[in-house]
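Reader: I would like to go through this model term by term. Please set each value against its cut-off.

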Amino acid sequence: MAMWLGLMSGTSMDGIDAVLVSFPDNRILIHATHSTPYPDALRQRLIQLSQNHGTPDDIGELDHCVGDLFAQTASKAIENAGAAPTDVLAIGSHGQTIRHQPLGTAPFSMQIGDPNLIAERTGITTVADFRRRDMAAGGQGAPLVPAFHKAFFGSDTEDRCILNLGGIANISWLPGNPHDRVIGFDTGPANALMDAWCQLHTGRPFDDDGHWAQEGIVHQALLGHMLSDGYFSRPAPKSTGKEKFNLEWAKTLAHRHPEVSAEDVQRTLLELTVVSIARQLPQSPEMTIFACGGGTRNSFLMRELRRTCSPLTLSSTADLGLDPQWVEPVAFAWLAKQTLERRSGNLPEVTGASGERILGAVYFG
Ligand SMILES: Nc1ncnc2c1ncn2[C@@H]1O[C@H](COP(=O)(O)OP(=O)(O)O)[C@@H](O)[C@H]1O
Ligand SMILES: [Mg+2]
C-alpha cells in the first residue's frame, strides 16, 4: 500500500510528531506514529532563536540538529509500523518555524530542520519548505492545513469548523453549501502564552490539564487590555506566531496590573484563548466545531471553550475518525502527496495568495 510520512513540529516547540499514513479511497489510514520531545537544551535554543536571539551559527547548527531529530523520528515511525523505507513514497516535513513575518515590505517565513539530512538519512524523497511559494504568490504562507481539512473533513449537509489548538489557534470553516468559500486564519494564541507564563512561574513547560489556571480567576480589566490588541479585530487573511504572542507580550500587559496574581494571569490567558476564538468564529448558527492539537488535552480549556461557544457543539476530530494529535502531521503527509502529484496545496481564499500553487521543494531519496 502507498504510504506517506508526515513530520510536524508547531509553534509550541514541544517536539516532533511523525505519522505514517495512507489514503485509500480518500480515507485516512494511520499505520504508525512516533513523537520525539525536544531535549530541554535544544528547546531553549529554539525559543531563543525564535525571539531573534541568535547568530547565523545558531541558525545553521539548529537547522542541522533539528533535521537530524526529524530524520530519527521518521525512522522510528517506520520501524513502529514494521515497514521499510522503500514502502514510503515520500516524507512531508513542515520543519520548525523559527520566524514568521507575513507582513511588511519583505515578508518571509522561516522553517528549519534540514530536509537534505532527512532525505539522506532515510533514503526517502522528502518534500519541505511548504510555505514560501504561497508567500511568493502574495499569500501569508499560512495556514496551510485548511486545504487538507476541506479535502477530508467537509460535509455537504452541515457547516463544520476545524479548530486547531497548538501554540497558535487556527480555524478552518468548511461550509455545507459547496458554493460558499472556505474561511481559514489564525485567531491568535491557543497554548503559546499559557505555556510561556507557566514556564516562567512554575518551571513546567505547560499547565497540565489547566490545573494551575483553575486556581485563579479571570481579571476582566487585564482581559480587556489583551483583547484590545489589533490582531484580534483585523480581518483575514491573517496569520501569526510566537514572534508576536510571546512571554514579553504577556508580561508587558500583566505588568500594567501589578495587583493581579500569577495564577489569575494564567486563568486570564486561558480566557483570552477562549474568547478570542469564540469572537472570531464565522457566523453559522448550525455548525459543529471539531477541535484538534495539544490543547484538546487540556480538559479545563475544552470545558471553558464548550461553555463559551454554546449553543454550538464542540467535539474533537476523533468524531471524524482522526485522533486530534495527528491531524497536523497527517496534513503534511497529504501536502507532500499533493506536491508529488503536481496538485496545489494552498487555498488562495485563505492565505491571500494570487492563485493555487504547488507547494514545497523536493529532495529526492
Ligand atoms: N495534558 C495537557 N494539559 C494541558 N496542555 C497540554 C497537555 N498536553 C499538551 N498540551 C498543550 O499542547 C501543546 C502542544 O500541542 P501541539 O498541538 O503539539 O502544538 P504545536 O502544533 O504548536 O506544536 C503543549 O505545548 C501544551 O500547551
Ligand atoms: Mg507540537
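**Ligand contacts and labels**

Author: An oxygen atom of ligand 1 sits 2.8 Å from an N or O atom in the side chain of Ser12. This is a predicted model, in which local features need pLDDT of at least 70, side-chain atom pairs count only at pLDDT 80 or more, and totals for chains, interfaces and linings use all residues. Residues are numbered from 1 along each chain as its sequence is written, chains are lettered from A and ligands numbered from 1 in the order in which they are written, and side-chain values use heavy atoms, with hydrogens and water left out.

Reader: Which residues come nearest to ligand 1?

Author: Ser12, Gly167, Asp195, Asp209 and Gly294, out of 17 residues around the ligand. A residue counts as near if one of its heavy atoms lies within 4 Å.

Reader: How is the shell around ligand 1 divided?

Author: One residue is nonpolar, ten are polar and six are charged. Here Ala, Val, Leu, Ile, Met, Phe, Trp, Tyr, Cys and Pro count as nonpolar, Asp, Glu, Lys and Arg as charged, and the others, Gly among them, as polar.

Reader: Why is Asp209 called partly exposed?

Author: Buried means under 20% relative accessible area, exposed over 50%, and partly exposed in between (1.4 Å probe, protein chains only). Asp209 has 22%, so it is partly exposed. Asp209 also has a positive phi of about 60°, although it is not a glycine. Its place is the loop between α6 (192–202) and α7 (211–214). Helices (H or I, at least four residues) and strands (E, at least two) are DSSP runs, numbered from the N terminus.

Reader: Why does Asn52 count as exposed?

Author: Its relative accessibility is 54%. The cut-off for exposed is over 50%, so the label holds. Asn52 is not a glycine either, yet has a positive phi of about 75°. It is found in the loop between α1 (40–50) and α2 (56–80).

Reader: And why is Thr36 called buried?

Author: Its relative accessible area is 18%. That is under 20%, so Thr36 is buried. Thr36 lies in strand β3 (residues 29–37). Its side chain joins that of Thr73 in a polar contact of 2.8 Å.

**Salt bridges**

Reader: What makes Arg45 and Asp58 a salt bridge?

Author: A salt bridge needs a side-chain nitrogen of Lys or Arg within 4 Å of a carboxyl oxygen of Asp or Glu. The closest N and O atoms of Arg45 and Asp58 are 2.9 Å apart, so the pair qualifies. Arg45 lies in helix α1 and Asp58 in helix α2, so the pair ties together parts 13 residues apart in sequence. A search of the whole structure finds twelve salt bridges.

Reader: How do you know that Asp229 and Lys244 form one?

Author: Their side chains meet at 3.1 Å, N to O. The limit is 4 Å, so they form a salt bridge. Asp229 is in the loop between α8 (220–227) and α9, and Lys244 in the loop between α9 and α10, so the pair ties together parts 15 residues apart in sequence. Asp229 is buried at 15%, whereas Lys244 is partly exposed at 29%. Salt bridges that share partners also join Arg267, Glu271, Glu304 and Arg307 into one network.

**A surface patch**

Reader: What makes the nonpolar surface patch?

Author: Ile59, Phe108 and Met110 make it, with about 210 Å². Patches take residues with over 30% relative accessible area and no salt bridge; like charges are joined within 9 Å, nonpolar side chains (Val, Leu, Ile, Met, Phe, Trp, Tyr) within 5 Å. Met110 has 33%, so it passes the area cut-off. Met110 is found in strand β5 (residues 108–112).

How values were computed: Accessible areas come from the Shrake-Rupley method with a 1.4 Å probe; for residues, only the protein chains shown count as cover. A polar contact is a pair of N or O atoms within 3.5 Å; within protein, one must be able to donate a hydrogen and the other to accept it, and residues adjacent in sequence count only if both atoms are side-chain atoms.
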